[in-house]
Amino acid sequence: MHNQSAGLRAELGSRPVIVAAGLAGAVGVMAAAGASHAGGSHNLSAIAMICLAHGPALLALGLLGRGWVLGLASALLAFGTILFAADLAVREWLGHGVFVGAAPLGGAGMICGWFMVIAAGVMRRPFSK
């Protein structure tokens, strides 16, 4: 029974990461298309690059990542990617950011998420729950 409940927690915990991966992928493709048709918008190009780089990483973490270290990495990467892309999108269409410092906070979240991936790679047992 314990293994079954742990497996269910792991499955439910990965769903938001997989949703974030799909969101990042879709937004990345839309931003790339928009950038190519909108006269080379730097904001849309940056959104495309960030989302299309982090979407597959989030999908891999959502499907395969286990343990608290990779869980934290997933959360930081998802938070950072969404916040960064949202801030640039709001800047593109409304002329101001989501809030002061949103893009740097999102960037810091992504950087910390990648450092957590490094930590998982060097830790002795990062993958156990």
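Is Cys112 buried, partly exposed or exposed, and what is its relative accessible area? In this predicted model, Cys112 is partly exposed, with a relative accessible area of 40%. Cys51 is buried, at 2% relative accessibility. The cut-off for burial is under 20%. The structure holds zero disulfides.

Helix H3 spans residues 68-94. It has 27 residues. From its first C-alpha to its last, H3 reaches 38 Å. That value is close to the 39 Å expected at 1.5 Å a residue. Gly95 follows H3 and has a positive phi, near 85 degrees.

Helix H4 comprises residues 102-122. Its 21 residues should span 30 Å at 1.5 Å a residue, and its end C-alpha atoms are 30 Å apart, so the two values agree. Several residues of H4 are buried, including Ala102, Ala103, Gly106, Gly107 and Gly109. Met110, Gly113, Met116 and Ala120 are buried too. An α-helix has 3.6 residues a turn, so residues three or four places apart point the same way. The cover over the buried residues of H4 includes helix H2 (42-64) and helix H3 (68-94).

The largest nonpolar core has 26 residues. Within this core, Ile47, Leu58 and Phe84 touch the most other members. Helix H1 (2-37), H2, H3 and H4 each give two or more residues to the core. The largest share, nine residues, comes from H3.

Phe84 has contacts with Ile50, Ala103, Gly106, Gly107 and Met110, leaving aside residues up to four places away in sequence.

Ser74 counts as buried because its relative accessibility is 4%, and the cut-off is under 20%. The side chain of Ser74 reaches the backbone oxygen of Leu70 at 2.8 Å. Ser74 also touches Val17, Leu58 and Leu61, again not counting residues up to four places away in sequence. Of these partners, Leu58 is one of the core residues that touch the most other members.

Note on methods:
Residues are numbered from 1 along each chain as its sequence is written. This is a predicted model: local features need pLDDT of at least 70, side-chain atom pairs count only at pLDDT 80 or more; totals for chains, interfaces and linings use all residues. Side-chain values use heavy atoms; hydrogens and water are left out. Helices (H or I, at least four residues) and strands (E, at least two) are DSSP runs, numbered from the N terminus. The expected span of a helix is 1.5 Å times one less than its number of residues. Buried means under 20% relative accessible area, exposed over 50%, partly exposed in between (1.4 Å probe, protein chains only). Contact means heavy atoms within 4.5 Å. A nonpolar core is a set of buried Ala, Val, Leu, Ile, Met, Phe, Trp, Tyr and Cys residues joined through side-chain atoms within 4.5 Å. A polar contact is a pair of N or O atoms within 3.5 Å; within protein, one must be able to donate a hydrogen and the other to accept it, and residues adjacent in sequence count only if both atoms are side-chain atoms. A disulfide is a pair of cysteine sulfur atoms within 2.5 Å.
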